[in-house]
Amino acid sequence: MSYTQQPTPNPGMTVGGGGGNRNVKNLPVGADGREWSEGLLDCFGDCGTFLLASFFPCITYSNVKRRYEHLNNRGYPDPEHGGSFCSSDCMVHGLLTFCGCGWVLQMGNRGSIRRRYNIEGGSCGDCCTAMCCTPCELTQESRELALEEESFGKQG
C-alpha cells in the first residue's frame, strides 16, 4: 500500500470569541513560560491603580478578579471594566485584609493569571509577592489584563 499525498495539517489554535492577544508585547516564551509584561516595580506606571491598591486593596482585588473571570469565561473584556467596588469578593478580601490575610486570596488569583498568560513562576513566588508587595502585585496583574483587553480594540 503506498500513499501519494501527505496528510493535511491541523488548523492552528484560536481563542474563542475572536480573542485578544495574550502576549501583546511579543515577549519571548521559554520552556517555563514568559515574563510578566510589566515588572513588579513598574507599578508607578499606573499611579491610579497603585494608589487604589495601596489604600483599598480589596477594591483592586475584586476589580482584577472580575476582569480576569470575564476574559477567561466569555473570551472578551468586561464592558463594566471590573464593575462596582461593593462586591462579595471585595468584602471578603476586606475582612481578610483586616485580619492580615488578604494576600491569601491574591495568591490564588495571581496563579490563575500566570497560567492564563503562560507566565513563569510558581506558588511560592505568588505567595511571597502577594504577602510582601500587595499594591505592586495587584497593579502588575491589572496591567497584564489591560494589555489583553486593549488588544481586542486593535484587531480588525
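This is a predicted model: local features need pLDDT of at least 70, side-chain atom pairs count only at pLDDT 80 or more; totals for chains, interfaces and linings use all residues.

Me: What do Glu144 and Arg34 form, and how far apart are the closest N and O atoms?

Reply: The criterion is a side-chain nitrogen of Lys or Arg within 4 Å of a carboxyl oxygen of Asp or Glu. Glu144 and Arg34 form a salt bridge, with 2.7 Å between the closest N and O atoms. Because Glu144 belongs to helix α6 (residues 134-154) and Arg34 to the segment before α1, the pair ties together parts that are 110 residues apart in sequence.

Me: Where in the chain do Arg143 and Glu38 lie?

Reply: The side chains of Arg143 and Glu38 meet in a salt bridge at 3.6 Å, N to O. Arg143 is in helix α6 and Glu38 in the segment before α1, so that distant parts of the chain, 105 residues apart, are linked. Both Arg143 and Glu38 are buried.

Me: With which residue does Glu80 form a salt bridge?

Reply: Its partner is Arg66, the closest N and O atoms being 3.0 Å apart. Glu80 lies in the loop between α2 and α3 (88-98), and Arg66 in helix α2, 14 residues away. Glu80 counts as exposed at 52% relative accessibility, whereas Arg66 is partly exposed at 32%. Elsewhere, salt bridges with shared partners join Arg110, Arg114, Asp126 and Glu141 into one network. The whole structure contains twelve salt bridges.

Me: How many helices and strands are there in the protein?

Reply: The protein has six helices and zero strands. Of its contacts with a separation of 6 or more, 73% are between residues 24 or more positions apart.

Me: Which residues form a nonpolar patch on the surface?

Reply: Leu51, Leu52, Phe55 and Phe56 do, with about 420 Å² of accessible area together. Phe55, in helix α1 (residues 47-55), is exposed, with a relative accessible area of 62%. For the protein as a whole, the accessible surface comes to about 9300 Å², of which 59% belongs to carbon and sulfur atoms.

Definitions and conventions:
Residues are numbered from 1 along each chain as its sequence is written. Side-chain values use heavy atoms; hydrogens and water are left out. Patches are made of residues with over 30% relative accessible area and no salt bridge: like charges are joined within 9 Å, nonpolar side chains (Val, Leu, Ile, Met, Phe, Trp, Tyr) within 5 Å. Accessible areas come from the Shrake-Rupley method with a 1.4 Å probe; for residues, only the protein chains shown count as cover. Helices (H or I, at least four residues) and strands (E, at least two) are DSSP runs, numbered from the N terminus. Buried means under 20% relative accessible area, exposed over 50%, partly exposed in between (1.4 Å probe, protein chains only). Contact means heavy atoms within 4.5 Å.
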